[in-house]
Amino acid sequence: MSAPVPGILLSLDVAQGDGKVSSWFDRHGESLVVTPIRILVIILVALILRAVTRKLITQLVGRMANSGTDSSGRPVTGFLLNAERRRQRAETVGSVLRSTASFVILGIAGLMVLGEFKVNLAPLLASAGIAGIALGFGARNLVTDFLSGMFMILEDQYGVGDLVDAGAATGTVVEVGLRITKLRDVDGTVWYIRNGEIKRIGNKSQGWGTAKVDVQVGYHEDVDKVRAVISSTAEALAEIEPWNERMWGSATVVGMESVTPDAVVLQVQIKTMPGQELPVARELRGRLKRAFDDAGIRISEPVASATGPASDEGPAPAPAEPAPVPVTPPPTPPLPQAPGAPGAP
């Protein structure tokens, strides 16, 4: 039997090697070619969808931060529009929406990429669910703060520049965030309040305010005259800059708050721009004081003196003090002398 030719053996080995390579490509060709293409498509679609979503959110935020006009182009009335407040609210909402959209889109894309690598996602999702529950219980206060801040911003409960009463502190809003709200009180102290701890909020900068002034006059003054002076003074104040913009209504004397034997107190109310109640009240008090002086209206009854009722001529003169009576001391008796002394009897 003849030995095999070396060239034939070489051709047989090459043929067997090609068969192994072709079978390996048949088994792994999809993983080498199709899987990277799928992963690339998933990433591209996720990035494009994320960019489109962020652009739509940015346009929505731009509409929220407009100049405060309705669809017909007329300005919105009924509440004071604050440009800084609207801008910060829109930016905060936009930031939260963009972050949420990016997290959801990229998270789904990441799970799809892991699925292309034949990774079993069931244990991973179960572990993530358990970890999320544990994190939710451990950081429930933080979650409460974020949820409360999100709803507070979406509902536009208050914003930068508003004067609010948050229960724990009262002051002007300096910064609004998802977790905390910063307030600055009249003393200059900055308060950091967690949004989850705010149970109730009183916004004194929305809608309109009311300036209340208690006017005290003497008991015997003519009340109708006092009302006329108050009304004329308030009307004159409403025609002067800048009070004509701060006063949104005419003064109303609602009635007598108290009556005493010495004075009568009338309350005056004026509808004002939000946050301008105290300045309007202070200015009106000063002008009423000058108006009462010009009209001869006294704010209290004159006090009667001990000698009788007071008159317009002025207080009664004090009685003259009697002149002091001179007192003569009694004569001093002579001292007794011893017997036998010179001059003794």
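What percentage of the 345 residues of the protein count as buried? In this predicted model, 24% of the 345 residues count as buried.

**Figure 1. Overview of the predicted model.** The protein contains seven helices and eight strands. Contacts between residues at least 6 apart in sequence were examined across the protein, and 64% of them join residues at least 24 apart.

**Figure 2. Helix H5 and its buried face.** Helix H5 runs through residues 223-237 and has 15 residues. From first C-alpha to last, H5 reaches 21 Å, close to the 21 Å expected at 1.5 Å a residue. Its buried residues are Val226, Val229, Ile230, Thr233, Ala234 and Leu237. Seen down the axis of H5, these buried residues fall within an arc of 125 degrees, so they line one face of the helix. An α-helix has 3.6 residues a turn, so residues three or four places apart point the same way. On the other side of H5, Asp224 and Glu235 are exposed.

Figure 3. At the start of H5, the backbone nitrogen of aspartate 224 has a side-chain oxygen of aspartate 222 within 3.2 Å.

**Figure 4. The cis peptide bond at proline 242.** Proline 242 is found in the loop between H5 and H6. The peptide bond joining glutamate 241 to proline 242 is cis, with omega about -5 degrees.

**Figure 5. The largest pocket and its lining.** The volume of the largest pocket is about 220 Å³. The lining consists of Leu163, Thr170, Gly171, Thr172, Arg184, Asp185, Val186, Lys204, Gly275, Glu277, Leu278 and Pro279. Strand E2 (170-176) and helix H7 are the elements that give two or more residues to this lining.

**Figure 6. Helix H4 and the residue aspartate 156.** Helix H4 has 15 residues and spans 140-154. The distance from its first C-alpha to its last is 21 Å, close to the 21 Å expected at 1.5 Å a residue. Asp145, Gly149, Met150, Met152 and Ile153 are the buried residues of H4. These residues cover an arc of only 165 degrees around the axis, which puts them on the same side of H4. H4 is followed by aspartate 156, whose phi is positive, near 55 degrees.

**Figure 7. Aspartate 162 in the loop between H4 and E1.** The loop that holds aspartate 162 lies between helix H4 and strand E1 (163-165). Aspartate 162 has a relative accessibility of 3% and therefore counts as buried. The side chains of aspartate 162 and asparagine 203 are joined by a polar contact of 3.1 Å.

**Figure 8. Isoleucine 42 in helix H1.** Helix H1 comprises residues 6-64, and isoleucine 42 is located within H1. Because its relative accessibility is 12%, isoleucine 42 counts as buried, the cut-off being under 20%. Leaving aside residues up to four places away in sequence, isoleucine 42 touches Ala109, Met112, Val113 and Glu116. Isoleucine 42 and glycine 110 are 68 residues apart in sequence, and their C-alpha atoms are 8.8 Å apart in space.

Definitions and conventions:
Residues numbered from 1 in each chain as written. Predicted model: local features only at pLDDT ≥ 70, side-chain atom pairs only at ≥ 80, totals over all residues. Heavy atoms only, no water. Helix = DSSP H or I, 4+ residues; strand = E, 2+ residues; numbered from the N terminus. Expected span 1.5 Å × (residues − 1). Buried < 20%, exposed > 50% of the residue type's maximum accessible area, 1.4 Å probe, protein only. Arc of directions from axis to C-beta. Polar contact = N/O pair within 3.5 Å; in protein donor to acceptor, adjacent residues only side chain to side chain. 1 Å grid on protein atoms, 1.4 Å probe; cavity = no way out; pocket = protein on both sides within 12 Å on 5 of 7 lines; lining within 4 Å. Points joined across faces, edges and corners; volume = space filled by probe spheres on them. Contact = heavy atoms within 4.5 Å.
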